[in-house]
Amino acid sequence: MRCIIFLGLIFVSLLFRVTAQPSLDYYLPEGTSYDPAIPTPAQVIGHEVGEWHISHDRLVNYMYALDRASDRIALEVTGHTHEGRPLLLLTITSPENHRQIEAIRTQHVQLTDPSLSSNLDTRNMPAVFYMGFSIHGNEASGSNAALLVAYHLAAARGKEIDDYLKHVIILFDPSFNPDGLHRFSSWVNSRKSKMVSADPADMEHNEPWPGGRTNHYWFDLNRDWLVAQQPESQARIKKFHQWKPNVLTDHHEMGTNATFFFQPGVPSRVHPLTPAKNQELTRKIGEYHAKALDNIGSFYYTQEGYDDFYYGKGSTFPDVQGAIGILFEQASSRGHAQESVNGVLPFAFTVRNQFTAALSTLQAVYNMREELLNYQRDFFKSAMAEAAKDPIKAIVFGAADKTRAALLAEVFVRHQIELFRPAGTITISGKTYDAESAYIVPLNQPQYRLIKGMTEKRTTFQDSLFYDISAWALPLAFGTDYEETRSVPTLGNRVTEVTLPAGKLVGGVSQYAYVFEPFAYYVPRALNRLLQNNIRVKVATEPFFHPSGKRFERGSILVTVSDQGKVADQIQYQIREITEKDGIDVYAFNTGLDYKGVSLGSNSFLALRKPEVALLVGDGVNANDAGELWHLLDVRMHVPVTALPVDVLNRTNINRYNTIIFPNGSYNGITEATKERLKTWVQNGGIIIGFDNALNWLHSVGLGKFEMKKNETSDKPEKPRAYAHIEEYRGAQQSPGAIFETQADLTHPLFYGYTAPRIPVFKDNNLFMENSKNPYANPLVYTAAPLLSGYISKANYSRLKNSSVAGFSALGRGRVIGFTDNLAFRAFWLGTNRIIMNALLYGHLLNAEASR
């Protein structure tokens, strides 16, 4: 009987843990009084924190309510997401500091300028602390904790909070990812039972594809800090540089069976450009977290699992700019409560840990204020000293495509890096850089370490494990020519704002034809616009000449005028759109005669068709990869695209499309009947474009010949390995993401628009495609010594060398085009975007004799 009673008590206790809703007292520090004039979260959002997942609109409402009620808070909208949600930033400090906030900011930023910082007395300067929450929308305990942190900072009374706010300026971002947070909260709230289910199999804990982690276009915003290609990142980075914070915190979640993690990460996985002092300060701050979590009985760990290598993450980005970035990872309830190996994990418990860590960081920033300010000053002074010792004095970059060079320049300017035009044309290593399209980045400037972190090529590492990618050299990613010079070329004007290049109409209005070259980044956008407006367009497959003598290469676009069945003004309007919106020079032709090349009526000009595109999405498809393709087509190239779920593919009429894109994925959900329909559709002229693991599926079902190399095996027994090293060895065989050199056939339509046969490609998988025996069928291969930057294991490097990156199979009148790698990686790998667009626009023209 006693046993039954005992078990019953356990059940009641468990039920209480799952269903009972803690009050504010559960979260807030004991002994603190609060101003009753400041509204509590429940008074505005209508429920206690942790009772429901906060939706973004209610989060915004509460932040506005605090702004109205408290003289400690000033709220601003810094931007908007793709879905139009506001990006908020609250500046929280004492009323006295608010009255002189611009003077405080101006003085603080001077710490990053070695020419001014020596005169500053840090004893009387406030520190700047940037708090950010839930950059992954389904890691929601952060943004829910933000309600409590904001309330505490606005309403707490007493000497402690007054001292904190007098000596610290807090930049408070309650939701780094509004679209993802809203998507996730809608899912879990609409599936919550009154008797909350902690069963991991419950629908509440199993959100559908793509999940709430990402932004609207399924980008992981915590990989976008450095390149800032998304609007959320651009708004955030602008405020970061406006203030130059001393500490930035980034609140995340991890697996349900974990506990709580705070940085530092694994010591051997810190980027070499990060000073040792950074990690020393991070460890010192960590002692505050440990004490605070000990006080509430929470378990935690540090210096395991996570690293500080890739500067594109929120907790590492500050490390290369004189600040301390701190990652928090809380075990996730992924709903309102979930079973774990540590017992039932209530959502409220996860929120409390995040709240506790936010306050422990504030305490650390306050107590370490002078040390943090002095470190920031010393960081930039030492950066200048390192720059003086560096034999490389400048980086020069440019490209035949002025647009890609300008888009790279935008990244530099966004990070307040001093950037200049050349004073005139310069020649380096046989390459010419002119004043209109090239840029110079002198290294002797405060952002020296950041410049190195953005541009360096690194192939040796202390550790062979990486939490994220191992290489990201931006000039290679953007596909620009660049040189590291041992002296600074003569500088022209400084570039403080980048405007994309404008095109021009050369030769005036024509009643005969217009032509534009294939090199500019937005050529596919211009071409697609013409096709969408039902203007007939042809692509040149052989070089030809303008009457002036100018040579036009393969891939140049011909727009005839007289045979379009449209008035000439309609054609001219579209031509103006191309010059004004796409930055492309368009040349008027008044004759088709060409004795040096081919005449405009030649059969070597091939007619193009309007793309009707379906992009496969849904279960089995990698959401990040699919989102990158969607963003490229929709945002950058303005190509209408149907995001087609795999299960809908099985029951829809695919004949309305002429192109179907298979992003990286498994595609096990495609039925046998659909496989046969796809084969028939291709044979009738359809184009399939597949990436990464999709090639394995296409190969296995007979929709292409994309055979991968097998793992090399040896009859010799391997040397014994320690059991404790299993995970490390396995991890070292993964390819985290590195940059490799490829050799392209520039006469192939897939590479129209490229000016050099060596193309840097980003690779983050272990797919190594066998070369075809057909000598025409390997248009892009890795070179014999392809590693440009990053890590790859010896075994994988051996398999990678001379392997094929791209090819196609011909089935009837259709084509199946395959690429082993992601050519639209994170929206910043612009250098290979053109290959995707060429496959989309020219795939139907590929000669079957070049089939694999």
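Because the model is predicted, local features need pLDDT of at least 70 and side-chain atom pairs count only at pLDDT 80 or more, while totals for chains, interfaces and linings use all residues. Residues are numbered from 1 along each chain as its sequence is written, and side-chain values use heavy atoms, with hydrogens and water left out.

**Exercise 1. Determine whether the residues of strand 7 are buried or exposed, and which strands pair with strand 7.**

Start with the terms: helices (H or I, at least four residues) and strands (E, at least two) are DSSP runs numbered from the N terminus, and buried means under 20% relative accessible area, exposed over 50%, and partly exposed in between, with a 1.4 Å probe and protein chains only.
Next, look at strand 7 (residues 247–254), where eight of the eight residues are buried, so the strand is largely enclosed by the rest of the structure. Both of its faces are covered, with Val247, Thr249, His251 and Glu253 buried on one side and Leu248, Asp250, His252 and Met254 buried on the other.
Then turn to the pairing, for which DSSP must find at least two bridges between two strands. Strand 4 (residues 127–133) pairs with strand 7 in the parallel sense over five bridges, and histidine 251 of strand 7 is the bridge partner of phenylalanine 133. Strand 9 (residues 324–331) also pairs with strand 7 in the parallel sense, over eight bridges, and there glycine 325 stands opposite leucine 248.

**Exercise 2. Describe the surroundings of histidine 53.**

First locate histidine 53, which lies in the loop between helix 3 (41–45) and helix 4 (56–69). Its relative accessible area is 3%, and histidine 53 is therefore buried.
Then list its contacts, where contact means heavy atoms within 4.5 Å: once neighbours within four places in sequence are left aside, the partners of histidine 53 include Ala140, Asn144, Phe184, His336 and Phe347.

**Exercise 3. Work out which strands stand at the edges of the open sheet of six strands.**

Begin with the order, 19-25-20-24-21-26, in which the pairing is mixed. Strand 19 (505–506) and strand 26 (605–607) stand at the edges, each with a single partner strand, so one side of each has no neighbour in the sheet.

**Exercise 4. Find the volumes of the largest pocket and the largest cavity, and describe their linings.**

The search uses a 1 Å grid over the protein atoms alone: a cavity is a set of points where a 1.4 Å probe fits but cannot get out, a pocket is an open set with protein on both sides within 12 Å along at least five of seven lines, and lining residues have an atom within 4 Å of a point. Grid points are joined across faces, edges and corners, and a volume is the space filled by probe spheres set on the points.
Take the largest pocket, which holds about 1,200 Å³ of space. It is lined by 44 residues, and those closest to its centre are Ala399, Ala400, Asp401, Asp481 and Thr755. Strand 17 gives the largest share of this lining, four residues.
Now take the largest cavity, with a volume of about 90 Å³. Among its 14 lining residues, Asp401, Arg404, Tyr521, Leu830 and Arg834 lie nearest its centre, and helix 26 (residues 833–842) gives the largest share, three residues.
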